Amino acid sequence: MSKTYLCPVCGFDQLQEEPFSKKNEPSFEICPCCGFEFGFNGENNKASFKEYRERWIKEGASWFIKGLEPKRWDYKKQLQALGKHF
Ligand SMILES: [Zn+2]
């Protein structure tokens with residue numbers, strides 16, 4: 001299995017690339033869950049992740065790519081994966 005990464009916005013843990021590299025270069029990957037595009041929708045900081053997250057939740061916390069969501073998926077449970085980052 002290849003390494004996967006955690007989305008700092010929604011807690012989805014199957015990103016193919018690190019959202020921001022150690023040099024702070026964005027991956028420009030779009031999170032299939034919340035739709036955040038790293039390097040496009042916001043900066044690499046908590047404030048922009050939080051802002052996007054709050055909007056995503058307000059709009060129903062639905063999957064950006066429809067049909068990919070697991071059965072009985074619960075965004076609140078997924079957000080717990082963020083732990084201290086949340
Ligand atoms: Zn996400």
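Author: A61 sits in the loop between α1 and α2. Helices (H or I, at least four residues) and strands (E, at least two) are DSSP runs, numbered from the N terminus. This is a predicted model, in which local features need pLDDT of at least 70 and side-chain atom pairs count only at pLDDT 80 or more, while totals for chains, interfaces and linings use all residues. Residues are numbered from 1 along each chain as its sequence is written, and side-chain values use heavy atoms, with hydrogens and water left out.

Reader: How many helices and strands does the protein chain have?

Author: The protein chain has two helices and zero strands. The helices α1 (46-58) and α2 (75-79) have W73 in the loop between them.

Reader: Is A61 buried or exposed?

Author: Buried means under 20% relative accessible area, exposed over 50%, and partly exposed in between (1.4 Å probe, protein chains only). A61 has 4% relative accessibility, so A61 counts as buried. R72 has 87%, so R72 counts as exposed. W73, at 22%, counts as partly exposed.

Reader: Which residues is W73 in contact with, leaving aside its neighbours within four places in sequence?

Author: Contact means heavy atoms within 4.5 Å. With those neighbours left aside, W73 is in contact with C33, W56, A61, W63 and Q78. Q78 is in helix α2 and is buried, with a relative accessible area of 12%.

Reader: Where is V9, in a helix or in another segment?

Author: V9 is in the segment before α1. At 0% relative accessibility, V9 counts as buried. Not counting residues up to four places away in sequence, V9 touches C34, F36, F49, Y52, R53, L79 and L82. For the chain as a whole, residues 24 or more positions apart account for 37% of the contacts with a separation of 6 or more.

Reader: How many salt bridges does the structure hold?

Author: Side chains of opposite charge can pair when their charged atoms come close. A salt bridge is a side-chain nitrogen of Lys or Arg within 4 Å of a carboxyl oxygen of Asp or Glu. The structure holds one. E54 forms this bridge with K50, the closest N and O atoms being 3.0 Å apart. Both residues lie in helix α1, four residues apart, about one turn of the helix. E54 is partly exposed, with a relative accessible area of 44%, and K50 is partly exposed, with 44%.

Reader: What radius of gyration does the protein chain have?

Author: The radius of gyration is taken over C-alpha atoms, and the globule rule is 2.2 Å times the number of residues to the power 0.38. With 86 residues, a compact globule would have a value near 12 Å; the protein chain has 12 Å, which agrees. The C-alpha atoms fill a box of roughly 35 × 30 × 25 Å, taken along the principal axes.

Reader: What part of the 86 residues counts as buried?

Author: Of the 86 residues, 35% count as buried.
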